[in-house]
Amino acid sequence: MNAHEIDYHIYGEEMQYVEIELDPQEAVVAEAGSFMMMDTDIKMDTIFGDGSNQETGVLGKLFSAGKRLLTGESLFMTAFLNVGQGKKQVSFASPYPGKIVPIDLSEKGGKFICQKDAFLCAAKGVSIGIEFSKRLGRGLFGGEGFIMQKLEGDGMAFVHAGGTMAKKVLAPGEVLKVDTGCIVGFSHTVDYDIEFIGGIRNTVFGGEGLFFATLRGPGTVYIQSLPFSRLAGRVWAAAPKGGGKDKGEGSILGGLGDLLDGDNRF
């Protein structure tokens with residue numbers, strides 16, 4: 001498997017985007033909704049699956065693309081091909097505040113495991129599939145992290161981490177315990193499982209769920225401080241329900257404080 005060799009540059013701090021530079025006939029594939037802008041002479045095309053198995057038959061393509069449905073993703077992806085004569089740029093934006101993480105699969109042993117909604121884009125030739133869990137605990141109790149995507153090949157891929165990203169390099173046998181939603185991805189050499197937190201007070205009153213992920217080295221792990229589900233949950237909790245009043249923005253004066261804070265829209 002030889003993915004297209006692409007150059008890139010990441011711009012921004014909290015709301016980042018990645019600019020991909022394509023030589024003539026080079027292409028990049030991306031999930032729907034991540035496209036930001038592109039130069040002229042770049043052809044955008046919807047493809048079945050990720051475009052990495054064009055030499056296989058129809059059934060092979062159907063099986064490869066169909067597995068993506070299990071992660072809640074579309075059967076189709078978008079390919080951006082440079083059909084011009086010189087170098088052209090196409091850019092993809094992060095979906096919410098955080099960091100874009102470049103992953104060189106040739107340095108990761110040809111495989112990287114990531115959260116199902118972390119993938120942003122990759123050089124054409126990189127295979128985007130799902131990682132089937134072989135352990136019952138992951139499948140039953142893994143929550144957000146029990147179905148993971150796998151990126152395979154020898155090219156560049158880009159994943160997104162919400163909030164601040166932490167990179168941990170685990171030694172052989174070293175264990176890191178993480179909230180399942182805070183995992184961005186990890187090397188394929190990392191052993192991943194789900195562990196029960198334990199303790200009746202933790203279970204009933206802890207507010208952190210019943211399970212966390214245990215990641216055992218060797219390998220590299222990427223952790224995000226703000227999973228999208230946590231961000232969405234806080235926004236939903238603060239949103240007005242049923243036409244009622246909204247939740248105050250930290251003012252001890254409540255509704256009166258809203259009148260004084262200078263951010264009123266009628």
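Mentor: What follows goes from the whole protein to one group of rings and its surroundings. The model is a predicted one. The protein has 266 residues, and 41% of them are buried. Its secondary structure consists of five helices and 19 strands. Among contacts with a separation of 6 or more, 78% are between residues 24 or more positions apart.

Now to the rings. A pair of aromatic rings is described by the distance of the centres and the angle of the planes. In the whole structure, a search finds six aromatic pairs. One of them joins Tyr11 and Tyr17, with 5.1 Å from centre to centre and 20 degrees between the planes. That pair is stacked, since planes under 30 degrees apart count as such. Tyr11 is partly exposed, because its relative accessibility is 30%.

The pair of Phe80 and Phe92 has another geometry. Its ring centres are 5.2 Å apart and its planes stand at 75 degrees, so this pair is edge-to-face; the cut-off for that class is over 60 degrees. Phe80 belongs to strand β6, residues 76-82, and Phe92 to strand β7, residues 88-93. The pair therefore ties together parts that are twelve residues apart in sequence. Buried means under 20% relative accessible area. Phe80 counts as buried because its relative accessibility is 2%, and Phe92 counts as buried because its value is 0%.

Phe80 and Phe92 also belong to one aromatic cluster with Phe35. Phe35 sits in strand β4, which covers residues 35-38. With 36% relative accessibility, Phe35 counts as partly exposed. Phe35 is also part of a nonpolar patch on the surface, formed with Met38 and Met44. Together these three residues have about 260 Å² of accessible area.

Conventions
Residues numbered from 1 in each chain as written. Predicted model: local features only at pLDDT ≥ 70, side-chain atom pairs only at ≥ 80, totals over all residues. Heavy atoms only, no water. Patch = residues over 30% accessible without salt bridge, like charges linked within 9 Å, V, L, I, M, F, W, Y side chains within 5 Å. Areas by Shrake-Rupley, 256 points an atom, 1.4 Å probe, with all protein chains shown as cover. Salt bridge = Lys/Arg side-chain N within 4 Å of Asp/Glu carboxyl O. Helix = DSSP H or I, 4+ residues; strand = E, 2+ residues; numbered from the N terminus. Buried < 20%, exposed > 50% of the residue type's maximum accessible area, 1.4 Å probe, protein only. Phe/Tyr/Trp six-rings, centres within 6.5 Å; stacked < 30°, edge-to-face > 60°. Contact = heavy atoms within 4.5 Å.
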